[in-house]
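Biologist: I would like to learn how to read a structure like this one, starting with its aromatic rings. Could you walk me through it?

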Amino acid sequence: MAIDFSRLELKDALDLAILIEQEARERYEEFARIVGGRYAGDAADMFREMARNEAKHESQLADRRRTAFGDAARKVTRAMFEDVEAPEVTKPRVFMSARQAMEVALASEEKAWEFFDKALAHVKDPYVKVLFQELRGEEAQHAALVRAKLEKLPPGPDLEEEDADEPGTDPGN
């Protein structure tokens, strides 16, 4: 079942936004487990940091929803969307660098911005329109923060997946 943005009401839009953040948080937590931690500031640390950011935004949206609508039932479910902001499940690699992890995060933030931007063309409810404009702006800010982090990352050396197959780069050697 797809979401009809032209009929979306504010409560449902908030539920959608909460679920999008939840999906992204869970995916980043999964990625942190997959890549494992090798050292401070590695890919796992980057993914854990992104998971914390998504959890914070999820919590803020949930507070806003609770304040406006209490415990009203949800109509929007995760079955109605997939991978709006969550990175693609095929992205993590055991030997990812912090830079690769941040590039995955950047692509996810840009993907979320595009989702809200495209949805805005179909939204009729003025309150939902304002919310989606706000969410699109936040995704742009998140992308800018990730870009700034990317610029601060040291240029290596870092063991990256494509290096793992080269002679002499096996971490077991």
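Modeller: Gladly! Rings of Phe, Tyr and Trp (its six-membered ring) pair if their centres lie within 6.5 Å; planes under 30 degrees apart are stacked, over 60 edge-to-face, and the rest tilted. By this rule, there are six aromatic pairs here. One of them is edge-to-face, because the ring centres of Phe 5 and Phe 132 are 6.1 Å apart and their planes stand at 70°. This is a predicted model, in which local features need pLDDT of at least 70 and side-chain atom pairs count only at pLDDT 80 or more, while totals for chains, interfaces and linings use all residues. Residues are numbered from 1 along each chain as its sequence is written, and side-chain values use heavy atoms, with hydrogens and water left out.

Biologist: Which parts of the chain does the pair of Phe 5 and Phe 132 tie together?

Modeller: Helices (H or I, at least four residues) and strands (E, at least two) are DSSP runs, numbered from the N terminus. Phe 5 sits in the segment before α1 (10-35) and Phe 132 in helix α4 (residues 126-152), so the pair ties together parts that are 127 residues apart in sequence. Ring pairs also link Phe 5, Phe 115, Phe 116 and Phe 132 into a cluster.

Biologist: Are Phe 5 and Phe 132 buried or exposed?

Modeller: Buried means under 20% relative accessible area, exposed over 50%, and partly exposed in between (1.4 Å probe, protein chains only). Phe 5 is buried at 14%, and Phe 132 is buried at 0%.

Biologist: How do I read the chain as a whole?

Modeller: Start with its elements: the chain has four helices and zero strands, in the order α-α-α-α. Of its 173 residues, 42% count as buried. Accessible areas come from the Shrake-Rupley method with a 1.4 Å probe, and for residues only the protein chains shown count as cover. The accessible surface is about 9500 Å², with 52% of that belonging to carbon and sulfur atoms. Next, look at contacts (heavy atoms within 4.5 Å). Among those between residues at least 6 apart in sequence, 80% join residues at least 24 apart.

Biologist: What about the length of α1 and α4: what span should each helix have?

Modeller: The expected span of a helix is 1.5 Å times one less than its number of residues. The 26 residues of α1 should span 38 Å, and its end C-alpha atoms are 37 Å apart, which agrees. For α4, the 27 residues should span 39 Å, and the end C-alpha atoms are 39 Å apart, which agrees as well. After α1 comes Gly 36, whose phi is positive, near 65°.

Biologist: And how are helices packed?

Modeller: An α-helix has 3.6 residues a turn, so residues three or four places apart point the same way. In α4, the buried residues include Val 128, Leu 131, Phe 132, Leu 135, Glu 138 and Glu 139. The buried residues of α4 pack against α1, α2 and α3. As for α1, this helix is mostly covered, with 19 of its 26 residues buried. Not counting residues up to four places away in sequence, Arg 25 touches Ala 51, Glu 54, Ala 55 and Glu 58.

Biologist: Which residues does Trp 113 contact?

Modeller: Trp 113 lies in helix α3 and is partly exposed at 32%. Leaving aside neighbours within four places in sequence, Trp 113 is in contact with Arg 136, Glu 139 and Ala 140.

Biologist: Last one: how much space lies in the largest pocket?

Modeller: Rolling a probe the size of a water molecule over the atoms shows where empty space is left. A pocket is an open set of points on a 1 Å grid over the protein atoms alone where a 1.4 Å probe fits, with protein on both sides within 12 Å along at least five of seven lines; lining residues have an atom within 4 Å of a point. Points are joined across faces, edges and corners, and a volume is the space filled by probe spheres set on them. The largest pocket holds about 270 Å³. Its lining has 15 residues, of which Asn 53, Glu 54, Lys 56, His 142 and Leu 145 lie nearest the centre. The elements giving two or more residues to this lining are α2 (43-69), α3 (98-120) and α4, and the largest share, seven residues, comes from α2.
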